[in-house]
Amino acid sequence: MLTDERRKQIIYYWDPVEECYYIGRQFVTKSEEIKARCTQITNYEWRQLIENPVEGKHIGNDPATNKPAYIDDPQPSTEELLRQELSELKQYLSATDYQAIKCGELGLSMATEYPESHAKRTEARARINEIESTLSITPQVIIYPSY
């Protein structure tokens, strides 16, 4: 196992554009343009980054130093947030389908037997329709029981 002193002697080359590092053999094969933009880092610096991850951040280029550092993850787009919500709503409906199926098989009303679940499922279906309309997604033909 390498000591910290030895790790500080091993040099990598950080490419701030590609946000990757090259070891010596890789670095010598790169174009002069790529070599010119690279910054030297030590194996020790790199190990400190990868061994100490920070939640909500990822390794990227620090423009102040042109070295790797933890930077904030980008904020999700509105579309990504809507797709995530859509997925969660569909998972909820799938997870509670057993109640609707049970009521249907027994000839019972879900609104009477599971009033809270029925209300939440109704809200979820309405929100799914709203999101799919916003995202211009053709709704899947799924027949949800209305027991």
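Two rings of Phe, Tyr or Trp, the last taken by its six-membered ring, form a pair if their centres lie within 6.5 Å, and planes under 30 degrees apart count as stacked. The exercises below apply this to a predicted model.

**Exercise 1.** Find how many aromatic pairs there are, and decide how the rings of Tyr12 and Tyr21 are arranged.

*Solution.* By the rule above, the count comes to four aromatic pairs. For Tyr12 and Tyr21, the ring centres are 4.5 Å apart and the planes stand at 20 degrees, so this pair is stacked. The next step is to look at burial, where Tyr12 is buried with a relative accessible area of 11%, whereas Tyr21, at 28% relative accessibility, counts as partly exposed. Finally, Tyr12 and Tyr21 belong with Trp14 and Trp46 to one aromatic cluster.

**Exercise 2.** Classify the pair formed by Tyr13 and Phe27, and work out which parts of the chain the pair ties together.

*Solution.* The centres of the two rings are 3.7 Å apart and their planes are at 10 degrees, so Tyr13 and Phe27 are stacked. Tyr13 lies in strand E1 (residues 11-15) and Phe27 in helix H2 (residues 24-28), so the pair ties together parts that are 14 residues apart in sequence. Both Tyr13 and Phe27 are buried. The ring of Phe27 also has the charged end of Lys35 sitting over it, 5.9 Å from the ring centre.

**Exercise 3.** Identify the residues of the largest nonpolar core and the elements that supply them.

*Solution.* The largest nonpolar core has eight residues in all, namely Leu82, Leu86, Leu89, Leu93, Ala124, Ile128, Ile131 and Leu135. Helix H5 (78-106) and helix H7 (115-134) are the elements that give two or more residues to this core, and the largest share, four residues, comes from H5. Leaving aside residues up to four places away in sequence, Leu135 touches Glu79, Leu82 and Arg83. There is also a second, separate core of six residues, which includes Trp14, Trp46, Leu49 and Tyr70.

**Exercise 4.** Determine how the buried residues of helix H4 are placed around its axis, and name elements that cover them.

*Solution.* The buried residues of H4 (residues 43-51) are Asn43, Trp46 and Leu49. Seen down the axis of H4, these buried residues fall within an arc of 125 degrees, so they line one face of the helix. The elements that cover them include helix H1 (4-7), E1, strand E2 (20-22), strand E3 (39-42), strand E4 (57-62) and strand E5 (67-72).

Technical notes: Residues numbered from 1 in each chain as written. Predicted model: local features only at pLDDT ≥ 70, side-chain atom pairs only at ≥ 80, totals over all residues. Heavy atoms only, no water. Phe/Tyr/Trp six-rings, centres within 6.5 Å; stacked < 30°, edge-to-face > 60°. Buried < 20%, exposed > 50% of the residue type's maximum accessible area, 1.4 Å probe, protein only. Lys NZ or Arg CZ within 6 Å of the ring centre and 35° of its normal. Core = buried A, V, L, I, M, F, W, Y, C linked by side-chain atoms within 4.5 Å. Contact = heavy atoms within 4.5 Å. Arc of directions from axis to C-beta.
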